[in-house]
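Open the model in your viewer and keep the selection tool at hand.

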Amino acid sequence: MSYENKISKTSESQRPRAIVTINGIQAEFIQIYINSNTYYLADTFSIELPIRGQKKELSLDYFSSQPAMMAEIFIGYPDNIEKFNTTNLESMLMGQVDSVEVRYRENKIMLTGRDLTAKFIDNKTTQKYPNLTASEIVTMLAEKEGLQADVTPTTTPSGIYYANNKSTLTSELPEWDLITFLAQSEQFYAYVKDTTLHFHPKPPETKKPYLLQYSEPTASSDNAFIEFNGMDFSTVRNLTVARDVEVTVRSWNSSSKKAFVVSVRSSLNKKIPLSKAAAPIGDKQKYSYTFPGLTREQALQKAQQLARQLSQHERVIEASLPGDNILNKLSVIKLTGTNTDFDQIYYPSTINRTFNLQGYKMDISAKNHSPNSEVEF
């Protein structure tokens, strides 16, 4: 069988267009590549520019001598595909250029860089503000780096979290590590979009999903095509992680002067009967961690969190799709139509967008735990 691409054909006026600016100057480009990561990581980009054919302001000498460069990538579907500008498109990424490579024989300039998360990654701090809340610290750091802050208020003084992680309190670390530490402590996500730092609770599974729809031909069908609203996709199940997982957390609490060990186990749902031959091969997977300064309850919560994170690697979906600006790192993806346990909710791990003369496409990878797994406490 082969795929039949069931994506509806777009009109000429709906064809995507893109603009690249370097330090605010519009540049001719050959190809754009955007890699969107999960929370806590910087998005990256790569832009291919022709050496010849650029505006005077973007001469080869310009790229060889500029001390700093900011790139912004706009993509969208303007009403008039012949006359459009940045106001007709959506800003997909704004970031600093980290590397300039000139390929003379290929007539190419290769720019690579990161979004403005780089401002926090490249600056270190020893200040932790234990009397402030996580949201107050994040807002303060955003203002320090000249960014806007879109932050959900929190109420717990950050010193509570530092008390359980003394190395975080005393060491010098990148501002971004401090932001992500606070986000993980609050069960929030943190990321930078354009010139704004976002800090919010993680989206629920009930959020309206981005649908990936698959269907086999019916028995009475005259053709041998399967249907999918993309170009290609695959599903992967990690049978190693599908086995029982045991997470052990060891800690020492200075208040009670006691060391202790807490374990939790993630296992196959006991409602599903398995014959001995069909049961996962081998012993349960064991993971051991040490976190100083936790109470027993905090250690249990940490073990539960880690067990859930480990189980999220069990099922993975990868797909190649027409490019759009709808799917993002906050999206919830739902696969339907395989009539297997792969039909479920997934969360994006990476979204790789490519824009060139051939069109606009994206390759995605998403993961979630099996609907037949649970954590036992």
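Helices (H or I, at least four residues) and strands (E, at least two) are DSSP runs, numbered from the N terminus. This is a predicted model, in which local features need pLDDT of at least 70 and side-chain atom pairs count only at pLDDT 80 or more, while totals for chains, interfaces and linings use all residues. Residues are numbered from 1 along each chain as its sequence is written, and side-chain values use heavy atoms, with hydrogens and water left out.

Select the protein chain: eight helices and 24 strands are there.

Next, select N352, in strand β22 (residues 345-356). Is N352 buried or exposed? Its relative accessibility is 17%, so N352 counts as buried (buried means under 20% relative accessible area, exposed over 50%, partly exposed in between, with a 1.4 Å probe and protein chains only).

Now show the side chains of Y33 and N35. The N352 side chain makes a polar contact of 3.3 Å with that of Y33 and one of 2.3 Å with that of N35. A polar contact is a pair of N or O atoms within 3.5 Å; within protein, one must be able to donate a hydrogen and the other to accept it, and residues adjacent in sequence count only if both atoms are side-chain atoms.

Move on to the open sheet with strand order β10-β13-β12 and mixed pairing (two strands pair if DSSP finds at least two bridges between them). β10 (148-151) and β12 (188-193) are at the edges with a single partner strand each, so one side of each has no neighbour in the sheet.

Finally, select β13 (residues 196-201), which runs antiparallel to β12 and is joined to it by six bridges. L197 in β13 stands opposite V192.
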